[in-house]
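Biologist: May we go through the open spaces in this model? Please keep the answers plain.

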Amino acid sequence: MTRAVLSAGTNLGDREARLREVVEAFADDLVAVSSIYSTAPWGGVEQPDFYNITLIVDAPVSPRDWLERGFELERAADRIRAVRWGPRTLDVDVICATDPAGNPIVDDDATLTLPHPRAAERAFVLVPWLEIEPEATLWTPHGVRRVVDLAAALPAAERAGVHRLSPERERFGSEVTP
């Protein structure tokens, strides 16, 4: 089994419906899903706020399989990669993965870098992740760090730009709640 943390976000179209599609697509492998969070755009491009969720999934697949499933969902949502960090119908990222023994999987190539190289600097990843896994850790270039410490180290303005909309049970219904 490979356990992975996925982050999904959207700021175009019916944002809630897009995130529901992601949860439904991973429902058979879902361990946990966060509430929906409204988050300020990251990267300096003028655009609407995002809706973001974090999922924990577990199945006998590779991290590349998780990534490909995310790409399939992005293609189905007509994702266009025109502007780096620009608006998007859907973005699904693999943040990190662990092997069956719980050891971090480290990978680095043109398609997939694990752990995600910027996860430790993104409140829209860390805050929803903490909701569903308060004791989470992330391998960083400085060693294994607690996600709660990484989130606390972010600038206050960035943390302030992340707002929980409502508990996921209200958003997605109990049929997809682990």
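Biologist: Which element gives the largest share of the lining of the largest pocket, and how many residues is that?

Modeller: Strand S5 gives the largest share, with four residues. This is a predicted model, where local features need pLDDT of at least 70, side-chain atom pairs count only at pLDDT 80 or more, and totals for chains, interfaces and linings use all residues. Residues are numbered from 1 along each chain, and side-chain values use heavy atoms, without hydrogens and water.

Biologist: How much space lies in that largest pocket, and which residues lie nearest its centre?

Modeller: About 650 Å³ lies in the largest pocket (the space filled by probe spheres set on grid points joined across faces, edges and corners). A pocket is an open set of points on a 1 Å grid with protein on both sides within 12 Å along at least five of seven lines; lining residues have an atom within 4 Å of a point. Asp91, Asp93, His116, Arg118 and Arg122 lie nearest the centre of the largest pocket, out of 30 lining residues. Two or more lining residues come from each of strand S1 (2-10), strand S4 (50-59), helix H2 (63-76) and strand S5 (91-98); helices (H or I, at least four residues) and strands (E, at least two) are DSSP runs numbered from the N terminus.

Biologist: How many residues of that lining are nonpolar, polar and charged?

Modeller: The lining of the largest pocket has 13 nonpolar, seven polar and ten charged residues. Asp, Glu, Lys and Arg count as charged, Ala, Val, Leu, Ile, Met, Phe, Trp, Tyr, Cys and Pro as nonpolar, and the others, Gly among them, as polar.

Biologist: What volume has the second largest pocket?

Modeller: The second largest pocket has a volume of about 280 Å³. It is lined by 16 residues, with Cys96, Thr98, Gly102, Trp129 and Thr137 closest to its centre. S1, S5 and strand S8 (137-140) each supply at least two residues of this lining, which divides into eleven nonpolar, three polar and two charged residues.

Biologist: Which residues line the largest cavity?

Modeller: The largest cavity is lined by Arg79, Ile80, Arg81, Ala82, Val83, Gly86, Pro87 and Arg88. Its volume is about 30 Å³; a cavity is a set of grid points where a 1.4 Å probe fits but cannot get out. Four nonpolar, one polar and three charged residues make up the lining of the largest cavity.

Biologist: Changing topic, how many helices and strands are there in the protein?

Modeller: The protein has six helices and ten strands. Its C-alpha atoms fill a box of roughly 40 × 35 × 35 Å along the principal axes.
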